[in-house]
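Biologist: Could you take me closely through one part of this model, and then describe what surrounds it? Please spell out the cut-offs as you go.

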Amino acid sequence: MQTLLMLSPIFLVFLAAVYFIWAFKIRSQKLARQKEIMKAGDKGEYKVQSILSPLEKPNSRYKVYHNIKLGPDALHTNEYDSVVIGPNGIFHIETKNYGGERGGIIDVDSRGNWILHKKNGYSKLINNPAGQVDSHEYRLKGFLNRVVGVRNLPTQGIIVLSCDKISVRYNKKADSDIPVLSRHELLDYIHNYNKGNLVLYPRTIKKICKNIEEMNRMAQAN
């Protein structure tokens, strides 16, 4: 009995060591998965940025920003993958690289739930980005109203699927004002929005861009 009592602290130390090794391994695996997700997201954003590059030419009527923060003030901002300001509207783009390089199918039900079916047969429920885009729309409106001082400008959120091998199936299409596009559809959508009609004058675009750049200079400084 005395021997058992002497060994019990050693056994407890052993158990604690095993637990910490296990916890460290789990944490390392979780961080590795998060790193892979971020890496895949960065690849997707780069693909969309490349698609938008024609709008960034010197003679373009559009202004394009990537990875910027906007909101009604510097303390209440969202980060945007891409924002495009042009004569026919203001577009905020949320890029998703669902399916990675191999692709798959996204099923969308009538309630707006998204289920990703990968090529390897694995399926999982994924977040519908519409909520994120709605939040961006709210912050963008606040930025335009309170910071820029303009109202009632046409703004449009867009979900862009950057993977070329992903497709979307709608069981019964839910009502949504947010288009889900492939990256190759993006430029045509922007050019044809509002039938291409002029709704933002150059001086308004210049004012918006000046305030975007000022807000992000302040964000970087802090």
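Modeller: Strand β4 (residues 104-108) and β8 run parallel and are joined by five bridges, strands being DSSP runs of E with at least two residues, helices runs of H or I with at least four, both numbered from the N terminus. Within this pairing, Asp107 has Arg169 of β8 as its bridge partner; two strands count as paired if DSSP finds at least two bridges between them. Both strands belong to an open, four-stranded sheet in the order β6-β5-β4-β8, whose pairing is mixed. At its edges lie β6 (123-126) and β8 (166-170), each of which pairs on one side only. From one strand to the next the twist averages 25 degrees, with axes fitted as lines to C-alpha atoms (for helices over the stretch in contact) and angles running from 0 to 180 degrees between N-to-C directions.

This is a predicted model, in which local features need pLDDT of at least 70 and side-chain atom pairs count only at 80 or more, while totals for chains, interfaces and linings use all residues. Residues are numbered from 1 along each chain as its sequence is written, and side-chain values use heavy atoms, with hydrogens and water left out. The mean pLDDT (the predictor's confidence in each residue, from 0 to 100) is 84, and 79% of the residues reach 70 or more.

Turning to the nonpolar cores, the largest has 19 residues, and among those with the most contacts inside it are Leu70, Phe143 and Ile212; such a core is a set of buried Ala, Val, Leu, Ile, Met, Phe, Trp, Tyr and Cys residues joined through side-chain atoms within 4.5 Å. At least two of its residues come from each of β1 (63-73), β2 (76-86), α2 (130-148) and α4 (202-221), with α4 giving the largest share, five residues. A second, separate core of 16 residues includes Leu52, Val64, Ile190 and Tyr193.

Asn88, in the loop between β2 and β3 (89-96), counts as buried because its relative accessibility is 0%, buried meaning under 20% relative accessible area, exposed over 50% and partly exposed in between (1.4 Å probe, protein chains only). A polar atom of the Asn88 side chain lies 2.7 Å from the backbone oxygen of Ile190, and one lies 2.9 Å from the backbone oxygen of Tyr193. Beyond four places in sequence, Asn88 is in contact (heavy atoms within 4.5 Å) with residues including Tyr62, Pro154, Ile190, Tyr193 and Val199.

Methods
A polar contact is a pair of N or O atoms within 3.5 Å; within protein, one must be able to donate a hydrogen and the other to accept it, and residues adjacent in sequence count only if both atoms are side-chain atoms.
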